[in-house]
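Here are a few notes to read with the model open beside you. Take the points in order, and turn the view as you go.

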Amino acid sequence: MLRVLYAGSPAASAKALELILKDSAMSSSTPEQEYKIVGILTNPPAARGRHSELIPTDVESYVRIWNKAREDDIKIYTPEHIKTEAREEIALCRPDIFVCYAYGHILGPKFLSLFKYGAINLHPSLLPKYRGATPVPQAILNCDKETGFSIQKMELGIDEGDILDQEIRRLTGTETSESLLKECTLYGAASITNILRNLAKTGKLPQPIPQVGEPSYCTLIKKEDGRINWKWSAERIDAQIRAYTPWPGCFTTLNGVSLKIIKARDAAKVALQDNSVPKNTSAVPGTVISYNKQRGILIQTGDGILIATELQWQNKKAMDYKSFMNGTRNFLGSVLE
């Protein structure tokens, strides 16, 4: 039986782990393909909320539920730093391979040497494109026509390892980071289960293929990145809103009060099916130019019109555009900043 150590922290990683664990349980019916998650490596609980309560990561929370429901004994490791003591403790569970998805730590050669078959990583982009921590929003921000996921061998350099599997996903221009990450997670986790079953059977990983092309990198996202610049085009703002859903979200201000634009569309996309929607006007960027009861609130940008369909005032609940207009006076003609 192949013994696996899994590493990850956020919700997407927990979802991938769920799928892998369920497949692992089924793999026992085919002994030559059997593998088992014997331990998970995740970030320590973090202080959150008004009372700074220590909250475990989504990965740890899921494993605790799994262990209780299945009477399993998956070991949970939450070291602040992976030093000698942590390595020695992890080595006790005798893992054969390390599987990583969004753990968020750089792992050294001493740690990677613990595993007979090395380490593999799920990365939600078509490497070498978008190495780094935020590949999914970057693909949306750049209005890419395609993205995908890569399963790679882990090396000391960030996302530099050879490719074991890679799959392209076509983009429609309507995806949010939330929906696209979910899709990459589902298909990526399925690829990992296939790799683990085959490794258990043959003792070999897929033939690694070097990354091809010029590398590009993405950076960490800050809350301020969600501020809308109305001088940008409607296409770019549309992409910004989708890229920053669910976090950090996109916002503007009116009379010093923050207003989130949660959902919106570039009017040029809508106007192809509805000639009642203008593609552009000569109004100042940020001007709320009209209200279309069938489509939403039309806002002029630096190039084109953005149709807002879900909005949220500061410290208020999110509302669809009809409810928003019913509860907001003198919004038409105002200029958002």
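A residue is called buried when its relative accessible area is under 20%. With that in hand, here are the points; please keep in mind that this is a predicted model.

1. Start with the whole chain. The protein chain has nine helices and 15 strands, and its C-alpha atoms fill a box of roughly 65 × 50 × 35 Å along the principal axes. Of its 337 residues, 47% are buried. If you take the contacts between residues at least 6 apart in sequence, 64% join residues at least 24 apart.

2. Next, find strand β1, residues 2-7. Six of its six residues are buried, so β1 is largely enclosed by the rest of the structure. Both of its faces are covered: Leu2, Val4 and Tyr6 are buried on one side, and Arg3, Leu5 and Ala7 are buried on the other.

3. Which strands pair with β1? One is strand β2 (residues 35-41), which β1 joins in the parallel sense over six bridges. Within this pairing, Leu5 stands opposite Gly39 of β2. Between the two strands the chain passes through helix α1 (residues 11-27), and this β-α-β crossover is right-handed. Strand β6 (residues 97-100) also runs parallel to β1, with four bridges between them; here Tyr6 has Val99 as its bridge partner.

4. Now move along to Asp266, which belongs to strand β11, residues 257-266. Does this buried residue have a charged partner, or does it lack a salt bridge? Asp266 has no salt bridge: the nearest side chain of opposite charge is that of Lys269, 5.4 Å away, and a salt bridge would need the two charged groups within 4 Å. The side chain of Asp266 does reach the backbone nitrogen of Ala268, at 3.0 Å. Leaving aside neighbours within four places in sequence, Asp266 is in contact with Ala234, Glu235, Asp238, Ile305 and Leu306.

5. Finally, look at Gly286, in the loop between α8 (267-271) and β12 (288-292). Is this glycine buried or exposed? Gly286 has a relative accessible area of 0%, so it counts as buried. Not counting residues up to four places away in sequence, Gly286 touches Trp230, Ile299, Gln300, Ser334, Val335 and Leu336. As one more distance to check on screen, the C-alpha atoms of Gly286 and Leu298, twelve residues apart along the chain, are separated by 9.8 Å.

How values were computed
Residues numbered from 1 in each chain as written. Predicted model: local features only at pLDDT ≥ 70, side-chain atom pairs only at ≥ 80, totals over all residues. Heavy atoms only, no water. Buried < 20%, exposed > 50% of the residue type's maximum accessible area, 1.4 Å probe, protein only. Pairing = 2+ DSSP bridges. Right-handed = clockwise from strand over helix to strand, strands pointing away. Lys, Arg positive; Asp, Glu negative; His and termini not counted. Polar contact = N/O pair within 3.5 Å; in protein donor to acceptor, adjacent residues only side chain to side chain. Contact = heavy atoms within 4.5 Å.
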